[in-house]
Amino acid sequence: MSARRLVDLLDPRPGERLLEIGPGTGYYTLPVAERLDGGRLEVFDLQREFLDLVTERARGRGLGNVVGWQGDARELLFEADRFDGAFLALVLGEIPDQDAALRELARVVKPGGRVVFGETAFDPHHVTPRTLKRRAEAAGLRFERMAGTPAGYVARFAVPAAA
């Protein structure tokens, strides 16, 4: 799954505030942060080492808009409707309670915002498109579209606007 495919489906825009769960070494972080002119990318991970690495790499590329937060994706420490969008690449399968994490994403992303997931079958914690769709919709997210194949895909969901 390429960073370009994820960034295209996420469609980060200048001035937005986005959330990335589980940034790893920043493979997806940096291309997203570059598109947020005047915006902010908040990265969230259990492991402080990854947060430090990613924010250091961002600063090294002249990106001052990446901020790290340490915590558990099953209980995000953010207020409701904080983010314009969120994304996770090769991470959802590693979260012990995926349903709780999906509900939290639906809570912290504004109505009308989007949540993008990237998965590959080569990941031992791979989440199939069918499983992702079922769980995400149960958490209140609405499926929009998918790019790729079941073996390697990026899927975009929306947080429904309040009625």
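What is the volume of the largest pocket? In this predicted model, the largest pocket comes to about 430 Å³.

A word on conventions first. The model is predicted, so local features need pLDDT of at least 70 and side-chain atom pairs count only at pLDDT 80 or more, while totals for chains, interfaces and linings use all residues. Residues are numbered from 1 along each chain as its sequence is written, and side-chain values use heavy atoms, with hydrogens and water left out.

**The pocket**

A pocket here is an open set of points on a 1 Å grid over the protein atoms alone, where a 1.4 Å probe fits and protein lies on both sides within 12 Å along at least five of seven lines; lining residues have an atom within 4 Å of a point. The volume is the space filled by probe spheres set on the points, which are joined across faces, edges and corners. The lining of the largest pocket has 24 residues, with Ile-21, Gly-22, Asp-45, Val-91 and Glu-94 nearest its centre. Strand 1 (17-21) and strand 2 (40-45) each supply at least two of the lining residues. By class, the lining has 13 nonpolar, six polar and five charged residues; Ala, Val, Leu, Ile, Met, Phe, Trp, Tyr, Cys and Pro count as nonpolar, Asp, Glu, Lys and Arg as charged, and the others, Gly among them, as polar.

**The sheet and its helices**

Strands (E, at least two residues) and helices (H or I, at least four) are DSSP runs numbered from the N terminus, and two strands pair if DSSP finds at least two bridges between them. Seven strands form an open sheet of mixed pairing, in the order 3-2-1-4-5-7-6. Its edge strands, each pairing on one side only, are strand 3 (66-70) and strand 6 (142-149). A hairpin takes strand 6 to strand 7 through two residues, and seven bridges join these antiparallel strands.

Angles run from 0 to 180 degrees between N-to-C directions of axes fitted to C-alpha atoms, for helices over the stretch in contact.

| Helix | Lies across | Angle |
|---|---|---|
| Helix 3 (residues 48-60) | strand 2 and strand 3 | about 175° to strand 3 |
| Helix 4 (residues 98-108) | strand 1, strand 4 (83-89) and strand 5 (109-120) | about 140° to strand 5 |

**Salt bridges**

The structure holds 16 salt bridges, each a side-chain nitrogen of Lys or Arg within 4 Å of a carboxyl oxygen of Asp or Glu. One of them pairs Glu-42 with Arg-82, whose closest N and O atoms are 3.0 Å apart. This pair links distant parts of the chain, 40 residues apart: Glu-42 is in strand 2 and Arg-82 in the loop between strand 3 and strand 4.

Notes: Contact means heavy atoms within 4.5 Å.
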